[in-house]
Every structure is written in C-alpha cells, then in structure tokens.
Amino acid sequence: MPKYILLLTGMFITLQSPVFATEVVDTTLQGYQSQGAGEFSVDAGKTLWNNEIIHSKSPVTRSCASCHGNDFNTTGKHIKTGKTIKPMSPTANPKRFTDQEKIEKWFRRNCKWTWGRECTAQEKGDMLLFLSKQ
Amino acid sequence: MKKTLLIGTFITGSIFASLVYCSGSGEESGGITGWSKASRLDVAPVNNELYRSECASCHFGYQPGLLPARSWVKIMSGLEDHFGDNAELDPDSHARLLRYLVKNAADLSNYKRSRRITNSLSPDEAPLRITDTLYFKRQHREISLTRVKNNPEIGSFSNCIACHSQADKGSFNEREIKIPGSRRGWN
C-alpha cells in the first residue's frame, strides 16, 4: 500500500512541476553554439521567419508564415494539408518549446518542406530566439 | 452444517462475482480479451504509444489493419513527402513504427474489415490511401464527394472519425455513423 501512495505522490509532483520553455530554449541555443553558431539575434530570426522561397513543388511561395500565420497567439493552418497548428507563442501555448527533441524534429521537417533544405544551427538559433520572445 | 453452508455460499458468491467482474472489465477496457471481442471489432485498435504520439498527433490514427503491409512499406519510404507535408522521423522511431505497421497490417490480420480490404486488392496493388482501396470505394459509393467536401466538419473522406464515431476504437459499424450537421445516420 505505501508503495502506491509513493507512486501516486510521484505522479502528482511530476504533473505539477512545469517544464519552462525558457530553460529548454536556453539549452537548445547553447547546443547550436556548440555546433559553431555565433550570437543570435531576434531581428535576424524575424527576417528568416518571413523569408519567402520559390519552391519547385509549389505554385505559391513558401515561408514559415504560410502555415503558422502572422499572429503568434492564434492557431495556424497548413496550406497543403489543412492541419491545424497550435500557436507558436509560448504565452498562448505553454507547451511550446518545452521539448528539445520536438524542436529539432520540427525544424528538420519544416525547414526542408519550406526552404527545401535543412536550416543551419545559426538560422535555427535566430528563429528560436525570435519565437521565444513572442 | 450451518458453517459448511456459509462457506459454500461464500465460495460460490466469490466465483460468481469474479466472473461478472472479468467480463465487465473486458467490455469497458476496449481491449482484446478473446476471440469473441476480436470478431466484433472491424480492425484491431491501435495499441502502440509511439504510433499514437508520432502519427496520430497530426492526423486520425489509421489502424495498421486498414492497409496491407506492402502499402505501409511504401508510405514509410516516402515520409519526406507525406501527402504534401514532411513527416520525417529519426531512424530509430522509423524502424520501430515500420515494424509495428507491417506486423499488424491488413493482410496479416484476421479482423473482418482487414480481410475485406485485403481481398478487394490485387496482389501487386499497394495503395497509399485507404480511400483508394476498392473495398473503401464500394462501402462509400452512396456518399457524394461534394457532400463530404462541402461539410467543413468532414472536409475529406480520410477524416474517418468525423462520421464514424467509434473509428478510433477500431469500430466502423453502420449504426455508429453520425454525419455532422445531420440528424440522420449514413443515409
């Protein structure tokens, strides 16, 4: 019996302690710097976010905003699949940027889908910093 | 004598209670408890956590038993362009999911609809979409495409759960169909 109580208490504590986006963002940014990136800038991140690319597979240009929208506090919609995308702002969506693996997974997928290539550590850092301030 | 009767009643009662409990819990959990349960469901429900988090977080969690293994192999080899989006996975997750999908594919399943889907395909056919299988088309031929497309709550034939209220449990029974915006069932 005490084992169960301990387990339940453990589960309760785990559920109660939130993972802060800021901590995960900091660790991720440090990781990019260890891969050779320099200082990160919000302005550079903003420019990259709005960067319109002519894609061989698309009749319209693609940018991050194509699917995520221009308002970081509301949901976006994938222009190709129609999938709803939760808000990018950590304020509107507290789960955003709380899982480093997820950040990497979606950078890999979305950089390739939008720009046709993987993003560099510098580009990812700039964009992540810009988004984390929204 | 009285004592024996009391013990006897107690034992019989316990056996009865445990029997009721077992069958009851089997029904509620939605899990597979025996052949009878399996045959009542249409396809085996998803029972893989990685599949739920990696695939069913973006779209309806199509049960592996809705397509043959050769289809899953093809789908998993083209995740870079997964129906218009990039859905690439890390190598470990990719291998684990492919294994799960192939192992539980329609052509290896004994479930009713899985068998019917398999039987509707020629051996060299490897459809990427469930909606492309002959069985699916036959089952839905009375539903017009415009009716599906014009209903914002459905949007596409691939949105199973929009009308099949128990689709996520592997059940596609006609009685469970609820067309959004309509008080009627499938017709």
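So, the buried residues of helix H6 of chain B, residues 112-119, are B:Arg113, B:Ser114, B:Ile117 and B:Thr118. Buried here means 20 or more other C-beta atoms within 10 Å of the residue's own, with C-beta atoms placed from the backbone. Looking down the axis of H6(B), those residues fall within an arc of 140°, so they line one face of the helix; the arc is taken over directions from the helix axis to the C-beta atoms. Part of what covers them is helix H7 of chain B, 134-140. Helices, by the way, are DSSP runs of H or I, at least four residues, numbered from the N terminus.

Quick housekeeping: this is a predicted model, where local features need pLDDT of at least 70 and side-chain atom pairs pLDDT 80 or more, while totals for chains, interfaces and linings use all residues. Residues are numbered from 1 along each chain as written, and chains are lettered from A and ligands numbered from 1 in the order written.

Over to chain A. The axes of H2 (residues 21-34) and H6 (residues 121-132) of chain A come within 9 Å and cross at roughly 160°, using lines fitted to C-alpha atoms over the stretch in contact, with angles from 0 to 180 degrees between N-to-C directions. H2(A) and H6(A) are therefore roughly antiparallel, the label for angles over 145 degrees.

Who touches whom? In H2(A), A:Val25 and A:Leu29 are among the residues meeting H6(A), whose side includes A:Leu128 and A:Leu129. Contact means C-beta atoms, placed from the backbone, within 7 Å.

Last, between chains: the contact takes nine residues from chain B and nine from chain A.

How values were computed:
Two residues are in contact if their C-beta atoms, placed from the backbone, lie within 7 Å. Helices (H or I, at least four residues) and strands (E, at least two) are DSSP runs, numbered from the N terminus. Angles under 35 degrees count as roughly parallel, over 145 as roughly antiparallel, 65 to 115 as roughly perpendicular and the rest as oblique. A residue is buried if 20 or more other C-beta atoms lie within 10 Å of its own, exposed if 12 or fewer, and partly exposed in between; C-beta atoms are placed from the backbone.
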